[in-house]
Amino acid sequence: MKKLSLILVILALLTVTGCKDNKKNLYLPEAKNDNIYTTIGGEDEKKTQAETEFCLISESTIIELNSDLSELLMKPTHVEKGSGDGFKWTDNKYEDVEIRAQISDDNKSIINKISTESAVYETTRGIKVGDNTKKLKELYKEYLTYSESIERKYYVYDPDNDIGFKRIFFYVENDVINKIIIEDGIDG
């Protein structure tokens, strides 16, 4: 009788939750204007993870790479305009984050670089300024490489393993993260 009851409960749960689609989307409700979802399971997991991996999240804001800057509800404290090699951009400085937005041909400001030295923001995997490299290595097991020069030491998360495009830089000093930069650009 207990087995039959357990089977009926499992069938009821499967009926309520569904079992046709093997993926479930979870909404991250940190901001009013965001469209970020993370996928658990399913065939599209890697694609969805790659799309949502490149953003910084605070309690009230999600800043996503390649999104329109005008949709961000924050107001910059300082804006600088720049241009070169046929491109135009703005460097937007806020209280605890800096955002570079490239100006598209239709005058949209598309975010292509986000940087912070503040623990207010974290990555989608929960890494923020002040975390140690042990936590970074645990949460970014794949596609994380270490680089060092005279001026700086950093880890790079580059899932496409290419010369540019979407990457996350974790600058470290004494095995503690002191700056995070997320960018979409080409080296050179």
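Residues are numbered from 1 along each chain as its sequence is written, and side-chain values use heavy atoms, without hydrogens or water. Because the model is predicted, local features need pLDDT of at least 70 and side-chain atom pairs count only at pLDDT 80 or more, while totals for chains, interfaces and linings use all residues.

Confidence comes first. The predictor's confidence in each residue is expressed as pLDDT, on a scale from 0 to 100. The chain has a mean pLDDT of 79, and 70% of its residues reach 70 or more. Helices and strands are DSSP runs numbered from the N terminus (helices H or I, at least four residues; strands E, at least two). Confidence is highest in α3, at 97, and lowest in strand β2 (residues 37–40), at a mean of 38. Over residues 13–50 the pLDDT stays under 50. Where pLDDT is low, the predicted coordinates should not be read in detail.

The interior can be described through its nonpolar cores. Such a core is a set of buried Ala, Val, Leu, Ile, Met, Phe, Trp, Tyr and Cys residues joined through side-chain atoms within 4.5 Å. A residue is buried under 20% relative accessible area, exposed over 50%, and partly exposed in between (1.4 Å probe, protein chains only). The largest nonpolar core has 27 residues, and I63, F170 and I180 have the most contacts inside it. At least two residues of this core come from each of β7 (98–103), β8 (109–116), β10 (153–157), β11 (164–173) and β12 (176–186). A second, separate core has five residues, among them Y154, V156, Y171 and I181. With contact meaning heavy atoms within 4.5 Å, and leaving aside residues up to four places away in sequence, the residues touched by I63 include F54, L72, I99 and Y121.

Aromatic rings provide another view. Rings of Phe, Tyr and Trp (its six-membered ring) pair if their centres lie within 6.5 Å; planes under 30 degrees apart count as stacked, over 60 as edge-to-face and the rest as tilted. The whole structure contains eight aromatic pairs. In one of them, F54 and Y157 are tilted, at 6.2 Å centre to centre and 35 degrees between the planes. F54 lies in the loop between α2 (45–52) and β3 (55–57) and Y157 in strand β10, so this pair ties together parts that are 103 residues apart in sequence. Both F54 and Y157 are buried. The ring planes of Y143 and Y157 stand at 70 degrees, with centres 6.5 Å apart, so this pair is edge-to-face. Y143 belongs to the loop between α3 and β9, 14 residues from Y157. Y157 counts as buried because its relative accessibility is 4%, whereas Y143 is partly exposed because its relative accessible area is 36%. F54, Y140, Y143, Y157 and F170 form one aromatic cluster.

Two single residues complete the account. T90, in strand β6 (residues 87–93), is buried because its relative accessible area is 10%. Not counting residues up to four places away in sequence, T90 touches L69, V79, E80, K81, I99, R100, A101 and I103. E142 lies in the loop between α3 (133–139) and β9 (144–148). E142 counts as exposed because its relative accessibility is 53%. The C-alpha atoms of E142 and P159 are 7.7 Å apart in space, although the two residues are 17 residues apart in sequence.
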